[in-house]
Amino acid sequence: MPLTVFNRLTRQKETFVPLVEGQVRMYVCGPTVYDHAHVGHAKTYVSFDVILRYLRYRGYRVRYVQNITDVGHLLDTGEDRILKKAGALSLEPMEVVEAYTRSYFEDMDALGVIRPDISPRASGHVPEQIAMTQALIEKGHAYVTPQGDVYFDVTTFPEYGKLSGQDLEELMGGVRVEVAEGKRNPADFALWRHAGPEHLMQWDSPWGRGFPGWHIECSAMSMKYLGQTFDIHGGGLENRFPHNECEIAQAEALTGQPFARYWLLTGSLTVDGVKMSKSLGNFITVKEALARTRPEALRAFLLSSHYSSPIDYSAEALEAAEKGWERLLVPVRLLRHMLPKAPDSEAAMGFQTVLDEHKARFLEAMDDDFNAPVAISALHDLTREVNTLLNSGEEIGRPILERIDSLYRELGGQILGIVPDRLEAEGMDAERLDGLIRLLIEMRAEARAEKNYARADAIRGRLAELGIALEDRPDGTIYRLE
């Protein structure tokens with residue numbers, strides 16, 4: 001089955017065919033680093049992490065570029081977000097940038113998000129943005145104001161609005177705010193801004209000291225690392241207008257070539273139906289969320305809605321996702337417990353047909369515009385079948401157990417990132433913790449053998465207080481972290 005994607009540019013589902021066979025070049029708009037990442041950011045970047053993982057799973061060689069915005073992203077008041085934060089904290093702007101860039105990557109690492117191949121910073125690519133702006137002026141698509149600002153003239157690009165469906169004439173006539181001094185048209189957008197002496201982040205340019213506009217960075221950096229035309233442009237649906245629209249206009253006006261061929265945009269994460277946003281103060285940081293639940297469970301929650309659809313965050317929704325994720329891992333824990341003692345026989349090899357059927361359903365869902373919720377549903381259906389097999393009391397050979405374990409690692413781990421390689425604990429002390437728990441299980445077994453049931457119950461109770469549940473089975477006692 002071919003991979004199909006819903007292309008926001010054409011507003012239809014299309015077979016995905018990369019520009020160069022076997023290779024995919026993908027750009028995703030990254031964070032503006034003036035605060036800690038919140039769960040809304042995580043929805044976007046976990047979604048594209050799964051897209052990246054699946055493309056590589058299918059054998060594509062992917063170059064993944066995700067920028068870091070550290071200059072030029074202005075508030076409605078005209079203030080630079082990073083400068084405002086720096087002033088509030090009495091720090092240099094680049095101190096703010098460094099602190100929150102590190103924080104962002106710490107959060108993504110904790111969530112198992114694969115790092116981009118290239119993470120260019122806007123401030124490190126000012127020469128490219130200046131050169132692009134100058135070329136647009138020379139081609140008649142941009143103009144310089146007496147104040148030293150440079151604006152893109154949207155009337156020179158008739159296709160402006162093709163991604164978002166905005167009508168240029170309506171945009172020109174529907175503006176109700178005061179038009180900035182020197183602008184020819186209300187919808188024109190800034191490529192370069194002049195800076196006063198108080199502005200801490202500014203560079204020399206042919207038009208005087210200043211700094212780049214927000215939109216120019218993504219066009220300049222994506223084309224630098226991926227070429228004039230590349231395969232996938234990703235980001236949040238809320239940035240479709242004006243940001244993505246302006247990217248297209250300035251890039252295609254400059255090159256005369258298509259910019260990005262497939263536009264994949266993620267739906268928002270909401271809280272009580274309202275988009276999670278720092279400006280609204282209704283956000284939960286990734287760090288706060290991870291203090292409440294495991295990274296894989298948070299990923300499972302974020303993937304429970306299609307990447308292009310919104311999802312509403314609540315403590316109850318997160319708890320429900322965590323319970324669903326835990327149910328998914330029950331047979332994984334059990335089969336990994338059974339594997340070392342399993343006979344080296346072909347017993348239950350007929351179960352391979354079941355594995356093949358559920359794998360086919362999983363991959364069919366992922367081929368259908370990376371439909372992770374349906375893929376997870378297929379994994380849960382597989383789990384019910386595996387539970388039935390493992391609890392049947394029949395002999396099960398090691399080869400089929402290994403194949404079941406391998407399939408969970410492949411589909412749930414390699415592609416979705418929700419089935420960890422190690423289940424009992426994280427970090428460098430995992431083996432030590434596992435050994436201690438198993439030692440307590442052995443001590444409890446000895447107490448029961450001596451009919452010291454009070455001692456056995458006390459060990460079980462203390463482990464339960466620590467969030468470690470025991471399950472007694474005919475073949476021994478296993479444990480799970482709750």
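# Briefing on a predicted 482-residue model

The protein exposes about 21,500 Å², of which carbon and sulfur atoms supply 50%; accessible areas come from the Shrake-Rupley method with a 1.4 Å probe, and for residues only the protein chains shown count as cover. This is a predicted model, in which local features need pLDDT of at least 70, side-chain atom pairs count only at pLDDT 80 or more, and totals for chains, interfaces and linings use all residues. Residues are numbered from 1 along each chain as its sequence is written, and side-chain values use heavy atoms, with hydrogens and water left out.

**Overall layout**

- The C-alpha trace spans about 90 × 50 × 35 Å along its principal axes.
- The protein has 15 helices and 15 strands; these are DSSP runs numbered from the N terminus, helices being H or I with at least four residues and strands being E with at least two.
- Of the 482 residues, 54% count as buried; buried means under 20% relative accessible area, exposed over 50%, and partly exposed in between, with a 1.4 Å probe and protein chains only.
- Among contacts (heavy atoms within 4.5 Å) between residues at least 6 apart in sequence, 75% join residues at least 24 apart.

**Salt bridges**

- The structure holds 27 salt bridges, each defined as a side-chain nitrogen of Lys or Arg within 4 Å of a carboxyl oxygen of Asp or Glu.
- One of them joins the side chains of Asp-405 and Arg-336, at 2.8 Å from N to O. This pair links distant parts of the chain, with Asp-405 in helix α13 (residues 398-415) and Arg-336 in helix α10 (residues 315-338), 69 residues apart.
- Asp-405 is buried at 8% relative accessibility, and Arg-336 is buried at 16%.
- Helix α13 also carries Glu-410, which is 51 residues from Lys-359 in helix α11. The side chains of Glu-410 and Lys-359 meet in a salt bridge of 3.0 Å, N to O.
- Glu-410 counts as buried at 16% relative accessibility, whereas Lys-359 counts as partly exposed at 26%.
- Glu-98 and Arg-102 form a salt bridge through their side chains, at 3.9 Å from N to O. Because they are 4 residues apart in helix α3 (residues 93-110), about one helical turn separates them.
- Glu-98 is partly exposed, with a relative accessible area of 30%, and Arg-102 is exposed at 51%.

**Aromatic pairs**

- A pair of aromatic rings is described by the distance of the centres and the angle of the planes.
- Rings of Phe, Tyr and Trp (its six-membered ring) pair if their centres lie within 6.5 Å; planes under 30 degrees apart count as stacked, over 60 as edge-to-face and the rest as tilted.
- By this rule the count comes to 15 aromatic pairs.
- Tyr-54 and Phe-370 have ring centres 6.3 Å apart and planes at 85°, so this pair is edge-to-face.
- Tyr-54 lies in helix α1 (residues 39-57) and Phe-370 in the loop between α11 (352-367) and α12 (372-390), so the pair ties together parts that are 316 residues apart in sequence.
- Both partners are buried: Tyr-54 has a relative accessible area of 2%, and Phe-370 is at 3%.
- One aromatic cluster is formed by Tyr-27, Phe-230, Phe-259 and Trp-263.

**Cysteines**

- The structure holds 0 disulfides, a disulfide being a pair of cysteine sulfur atoms within 2.5 Å.
- Cys-29 is in no disulfide, and the nearest cysteine sulfur, that of Cys-218, is 3.8 Å away. Seen from Cys-218, the closest cysteine sulfur is that of Cys-29, and 3.8 Å is too far for a bond.
- Cys-29 is buried at 9% relative accessibility, and Cys-218 is buried at 1%.

**Nonpolar surface patch**

- Leu-436, Leu-439, Leu-440 and Met-443 make a nonpolar surface patch of about 320 Å².
- Patches are made of residues with over 30% relative accessible area and no salt bridge; like charges are joined within 9 Å, and nonpolar side chains (Val, Leu, Ile, Met, Phe, Trp, Tyr) within 5 Å.
- Met-443 is placed in helix α14 (residues 430-449) and is partly exposed, with a relative accessible area of 33%.
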